[in-house]
Amino acid sequence: MVIGPAANHAPLPVTSAPTRGSKMAASAAMERLSYVLGLLLLLHSTDSFYVPGVAPINFHRNDPVEIKAVKLTSSRTQLPYEYYSLPFCQPSKITYKAENLGEVLRGDRIVNTPFQVSMNVEKKCEVLCNVPNKPVTLTVEQSKLIAERIREDYYVHLIADNLPVATRLEFYSNREEEEKKKEKDVQFEHGYRLGFMDNNKFYLHNHLSFILYYHREDVEESQEHTYRVVRFEVIPQSIKLEDLKADEKSMCTLPEATGSAPQEIDPTKENQLLFTYSVHWEESDIKWASRWDTYLTMSDVQIHWFSIINSVVVVFFLSGILSMIIIRTLRKDIANYNKEDDIEDTMEESGWKLVHGDVFRPPQYPMILSSLLGSGIQLFCMILIVIFVAMLGMLSPSSRGALMTTACFLFMFMGVFGGFFAGRLYRTLKGHRWKKGAFCTATLYPGVVFGICFVLNCFIWGKHSSGAVPFPTMVALLCMWFGISLPLVYLGYYFGFRKQPYDNPVRTNQIPRQIPEQRWYMNKFVGILMAGILPFGAMFIELFFIFSAIWENQFYYLFGFLFLVFIILVVSCSQISIVMVYFQLCAEDYRWWWRTFLVSGGSAFYVLIYAVFYFVNKVFLLGESAMFLGVTVGFGKGNGGPAESHSSHASAQGSADSPSRQDRGVCPRTCAEQHSLTPPQRGISLQLDKN
């Protein structure tokens, strides 16, 4: 590769006598060229690299494939727990993976497990615990804890080569036998059930049938074949201790399909059982780059397009109103109030024209208003960048916690923009205490969010959940807040306060005009409620999938749709604010500063109402309602829009009208029969009448 002037092969002009300046320029050019060549040689000598967590891992036959545990989750309690909070078999040395900020905030505690899996090596049945042919004895306390987790519908999450385990579910769309053979929908559920209940009895899935799919990579004839893991499935089974035959070599024999019983866990006494597993490998045509498609497949694209069309209709409706107001009313009259007008002519006017001399009168509490505006700018920049980067595929779910980590750091660094706009607005509103205003901008909204999260974290601490933010992480967040965000807000506030304030198009009278009595529908609370309907209607469908991702432990990867909805939400909020301010000025009420700020966030109230509706119909919390409502209130305070954070949609497939996670789970009949599937059947067959 040729760099710089050497890329041009035209002959150089010939000079008769080189001057001293030309010699110096030539020597400088040669020195720069030597630096460039040295850099190229350095780059050539280094090996290529991948971003951590993105590079594929090539396995040879018999290479170990490590199975790690992530956590236990439940859509009923919303409290994650560590894997070893239950008495599972443990390796000789427990090693926790170093986690990033996002993983800690999500409650992930990735740890090694005693599963011994080798690439393309089958295992029929093997006892998991170290002592062969000796059952594990659960104490009464441990039995009670397992029974409680089964009752709360907990799922176990494992990973192999950073790929999460999934349970295959097969749905039949018709009850008739002939149609049953033809139509079958396959879905994948994130993780596997800890156990099931039948007739008020608790049964534990103590045997795991792992099914791993590999893709054989193309290599030269003289080289050894390499493999890549492209899918990780599990079939959980419950097998009674008496039906499992184990020998001294830790090998076991699964019972026949008929005559076996599931492993019951009696919470009133000690229980003995064996933890076993089997491994089956299959070759797959799926390439490594497409292995996440199983979890991110979209079968409900139509409803998202319906949401986009619905939102666009709302925006066009608001745009039509704005066009009518601006073109027919304002354009002809706005220039007249920059001139000297007679008082008699002014008194003949009506509506918003009477208050042109008071429109830009500074509001009450200008410091708080500018601080909230600065926090809104900070949030807006963070959300816009995160969604856009995620839409480009740079924040894949394979990079665990990357999205939340990116959001936290971006919010800190966007403080310089929030401080700049807050400082300029504060000066426009005749403010003078810029240092106090900058401190208020940097601490008001983050302080409220931190207070809510701290109170919620105390409740989670009391439950001994892994979802509780550890104290060192909380200290690290405080250091980021006061060490990164606060100085950047001060920096932006300083330059914004020094910049020329916004110019008002009309002059402000010295004496405030008396505001006439307003009608009932011009009340600020009524206006906020009316204004929030249209922006909420533009994004409530997407909000369903966001809630499903957050509260039902599903993946969300529809950031293209989310980006469009976010842009439409911003446009609709700005348009509805302009319309409501115009109606307010027509009523001769010039106190519009706070009204327009609150009106644009009116959709947050409907987000809260929808969250309560979702809570009642979809989420079944057991005493942890404060977490759900607290997080929703935090989102509402942020922007009044959808949870433009991150997170996600259906585990693999599903739509808004598909059965919930509890409904589509393993039914008691299937669970009672599933324990004896030998060899393990591919998935759990469910029979649903979709009509």
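Two strands count as paired if DSSP finds at least two bridges between them. Helices (H or I, at least four residues) and strands (E, at least two) are DSSP runs, numbered from the N terminus. This is a predicted model, in which local features need pLDDT of at least 70 and side-chain atom pairs count only at pLDDT 80 or more, while totals for chains, interfaces and linings use all residues. Residues are numbered from 1 along each chain as its sequence is written, and side-chain values use heavy atoms, with hydrogens and water left out.

In S16, Glu264 is the bridge partner of Tyr203. Strand S11 (residues 201-204) and S16 run antiparallel and are joined by two bridges. The order in this open sheet is S10-S11-S16, with antiparallel pairing. Strands S10 (195-198) and S16 (264-265) stand at the edges with a single partner strand each, so one side of each is left without a neighbour in the sheet. Helix H3 (residues 140-151) packs on the sheet and touches S10, S11 and S16; contact means heavy atoms within 4.5 Å. The direction of H3 makes about 95° with that of S11, where axes are lines fitted to C-alpha atoms, for helices over the stretch in contact, and angles run from 0 to 180 degrees between N-to-C directions.

**View B. Around Leu158 in the largest nonpolar core.**
Such a core is a set of buried Ala, Val, Leu, Ile, Met, Phe, Trp, Tyr and Cys residues joined through side-chain atoms within 4.5 Å. Buried means under 20% relative accessible area, exposed over 50%, and partly exposed in between (1.4 Å probe, protein chains only). Among the 55 residues of the largest core, Tyr83, Leu158 and Phe210 touch the most other members. Beyond its neighbours within four places in sequence, Leu158 has contacts including Ile67, Tyr83, Phe115, Phe210 and Phe232.

**View C. The ring pair of Phe210 and Phe232.**
Rings of Phe, Tyr and Trp (its six-membered ring) pair if their centres lie within 6.5 Å; planes under 30 degrees apart count as stacked, over 60 as edge-to-face and the rest as tilted. By this rule there are 32 aromatic pairs. The ring centres of Phe210 and Phe232 are 5.5 Å apart and the planes are at 45°, so the pair is tilted. Phe210 lies in strand S12 (residues 207-216) and Phe232 in strand S13 (residues 227-237), so the pair ties together parts that are 22 residues apart in sequence. Both Phe210 and Phe232 are buried.
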